Amino acid sequence: MADVTVFSLFTEFDINLFKSGKHYKLYEKFGSHIMTVNGVEGTYFSVWAPTAKQVSVVGDFNYWKEGEHLLNVRWDESGIWEGFIPNIGKGSAYKYKIQSNNNGIVTEKADPYSRRCEHNPNTASIVWEDDYSWKDSKWMKSRKKKNALDAPYSVYEVHLGSWKKQIEENRFLSYVELAEDLVKYVKDMNFTHVELMPIMEFPYDPSWGYQITGYFAPTSRFGYPEEFKLLVDKLHQNDIGIILDWVPSHFPEDAHGLGFFDGSCLYEHPDKKKGYHQDWKSLIFNYGRNEVKSFLISNAIFWLEQFHADGLRVDAVASMLFLDYSREEGEWEPNIYGGRENLDAIAFMKELNVAVYDNFPDVQTIAEESTAFPGVSKPVFLGGLGFGMKWMMGWMHDTLQYFAKEPIYRKHHQNDITFSLTYAFTENFMLPLSHDEVVYGKKSILGRMPGDEWQRFANLRLLYSYMFTHPGTKLLFQGAEIGQSEEWDFQTSLDWHLLEYQSHKGINQFIKAINTFYKSEPALYQKQFSHDGFEWIDYGDAEHSVIVFIRKGNQPKDNVIIACNMTPVPLENYRIGLPKKGSLIEVFNSDNKSFFGTGDFKNNSLTSEGTLWHSRKNSTEITIPPLGMVAFKYQKSAK
């Protein structure tokens, strides 16, 4: 049997924090760490396995033989096994072979804190460290302003495996290649942020990354951890933020993963009614266990600290909030107050957000949450969950349903397109058109649009125009910006050849322009979460399917008037009420010829008249293109 030196990175204070669920940097202690002990180079290993009676490190350095390198259990009942093994260094593959006190069960597990994992289908952890030298100091110093709730926030959601592929070699682009191609493209498209679907290590491609086994390791599919840092760095150097999808809601049952880790329900809740997702065939974290809480919050802090992430989009929050989520009667049990809320999960989310914002006040956490649970984006000290933003699923559902209707029927559904404004300011909402909306037979966004080719693309531009002028931040999934015809397929690249056609090229040019418009008009973002930032001019013209409203900035001179025509009939000499006297100019028109529009319905300089309209003393006549949006601002001389 080889030597394992007794050694520890844990102090008594570390152990106390870990046991109390308050240690938020466990990655500095757990896992494998290359170091020198007593003048000898090697690697320190530590793992939490309280039900174990024996833990061996097995790997390519001992022919995967159990018992060669036995770790020592700590004396403090923390359940931590640890030890220093000489002459093991960077690149060594390993796992933990665990003999359990529970009925002699034996498990062989990847390291929960591993910084690098083998490429699937292999499942071992790899001893790793990097000395990447960051070059994004300018971004990091200024990102508080870029990530603020009163800043423009236009997000491009990306699945790295299918955004673009190396066709000739039939492979993924690497992190290094993406640091060139993706960064250049996102900058050219004028998005402010990129959101990556999970890049933490996962075993099964069809899960899209949402079934994680390596919580502290960027997936090896695209390269090394330091190469992922390069991608983040390049985004930051080009003034683009990065949000990471993060999955604290569930994890897979794969033999090398977190499930039944030491022969007991260590990370998952032992009660199947709370610990098993029937829909996803996966395990649910035990949010009431302090050590698990420390693991998850440490993981969130890890990606923000070590990889300079600008935000975390927290997946499947609704499934965490409710004990009866996707369960029939008899498949769940009420909490101690008789309610359906998961009190442990709610306490965990509050603690998570407090920890994140205490350590990184210049980032955002974003909840993917689809219910009416109150206060998701309200601060914890005011009784909320403490997220920075929440996905506006109601807006997404109503809007897509509305735009799928033939325009002739839209007059009967005016309320569908205006209803979101009755609750738009109850949370800090992000408007998402995400990957979930273009799979499983739902069709692509373009595929839902009715009419002939011209009308379908005009509808698409109008949908995006309404989205970008509606209060809230924005998120578009890859392919939306080129008018992807087919549903998203995680196995294939986007259909980039579509940009050879004027219609698709027009959508691409439109997204560039609407992003620029959104970023350059303070009224569209400064008060995006406040009643003060929005005012209806008219929402009642169902017969013409028209809505007209004002978006307001901190300065009245920045206010923008928006008019949308939801039918293919152009509206000329259409009178709208105005907030004051003055001259207006058209500042955006979705019917621009370069967008594949007609280019025929423009507004020259407009002057207010003293004609009472829409309960306002001043009004003017405008032209609204078919299936179009036009935006106006007062000229500076206006009073």
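Which side chain does Arg-340 meet in a salt bridge? Asp-324, at 3.0 Å, N to O. Keep in mind that this is a predicted model. Arg-340 sits in the loop between helix H7 (317–321) and helix H8 (343–359), and Asp-324 also lies between H7 and H8, so the pair ties together parts 16 residues apart in sequence. Arg-340 is partly exposed, with a relative accessible area of 37%. Asp-324 has 17%, so it counts as buried.

Next, Arg-143 and Asp-310. They form a salt bridge, with the closest N and O atoms 2.9 Å apart. Arg-143 is in helix H2, and Asp-310 is in the loop between helix H6 (290–306) and strand E19 (311–314), so this pair ties together parts 167 residues apart. Arg-143 is buried at 1% relative accessibility. Asp-310 is buried at 0%.

Asp-130 is in the loop between strand E9 (125–126) and helix H2 (137–146), while Lys-229 is in helix H4, 99 residues apart. Asp-130 is partly exposed at 26%. Lys-229 is buried at 6%.

The total is 33 salt bridges. Glu-195, Asp-245, Arg-313, Asp-315 and Glu-368 are linked in a network.

E10 pairs with E13 in the parallel sense, over four bridges. E10 also pairs with E23 (residues 473–477), parallel, over four bridges. There, Ser-154 stands opposite Lys-474. Five of the five residues in E10 are buried. Ser-154, Tyr-156 and Val-158 point one way; Val-155 and Glu-157 point the other way.

The search of the whole structure finds zero.

Technical notes:
Residues are numbered from 1 along each chain as its sequence is written. This is a predicted model: local features need pLDDT of at least 70, side-chain atom pairs count only at pLDDT 80 or more; totals for chains, interfaces and linings use all residues. Side-chain values use heavy atoms; hydrogens and water are left out. A disulfide is a pair of cysteine sulfur atoms within 2.5 Å. Buried means under 20% relative accessible area, exposed over 50%, partly exposed in between (1.4 Å probe, protein chains only). Helices (H or I, at least four residues) and strands (E, at least two) are DSSP runs, numbered from the N terminus. Two strands pair if DSSP finds at least two bridges between them. A salt bridge is a side-chain nitrogen of Lys or Arg within 4 Å of a carboxyl oxygen of Asp or Glu.
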